[in-house]
Amino acid sequence: MRVLIIGAGGVGGAFAAIIARRKFASKLIIADVNLDKARAVALSVSNSGLEVCAESVDASSEESVYGVAQRHSADAIINLCAPLFNPPIFAAALRAGCTYIDTA
């Protein structure tokens, strides 16, 4: 399963660590508007044996989220952003045929 995390803050880092320990995913994509934050989270779980990468994404843009999901053939999108970003992220997940998980 290829999992796309939107949001590389504290909760995104915690989710990435949990996913890396559980070994159910084959790929983890960490995406945030701040690419440096996404890279830091990706680096923090990079020794797990899981394929991990970082992406820049604009969570307010369905097109941006959809583009990242498509590039990585994501199976699931985990939304770890503020609730105001729910509509475009959900729309992108639906359009990409991804399972959608929202913690807000």
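Residues 24 or more positions apart supply 58% of the contacts in the protein chain with a separation of 6 or more, where contact means heavy atoms within 4.5 Å. The model is a predicted one, in which local features need pLDDT of at least 70, side-chain atom pairs count only at pLDDT 80 or more, and totals for chains, interfaces and linings use all residues. Residues are numbered from 1 along each chain as its sequence is written, and side-chain values use heavy atoms, with hydrogens and water left out.

**The whole chain**

Please begin by displaying the protein chain as a cartoon. Four helices and five strands are present, in the order β-α-β-α-β-α-β-α-β from the N terminus. Helices (H or I, at least four residues) and strands (E, at least two) are DSSP runs, numbered from the N terminus. The C-alpha trace spans about 35 × 25 × 20 Å along its principal axes. Of the 104 residues, 46% count as buried; buried means under 20% relative accessible area, exposed over 50%, and partly exposed in between (1.4 Å probe, protein chains only).

**Helix α3**

Select residues 62-71, which form helix α3. The buried residues here are V65, Y66, G67, V68 and A69. After the helix comes S73, with a positive phi near 50 degrees.

**Residue D32**

The last stop is D32, in strand β2. Is D32 buried or exposed? D32 counts as buried, because its relative accessibility is 11%. Show the residues in contact with D32, leaving aside its neighbours within four places in sequence: G7, A8, G9, K37, A38, E55, S56 and V57. Finally, select I5, which is 27 residues from D32 along the chain; the C-alpha atoms of the two are separated by 8.4 Å.
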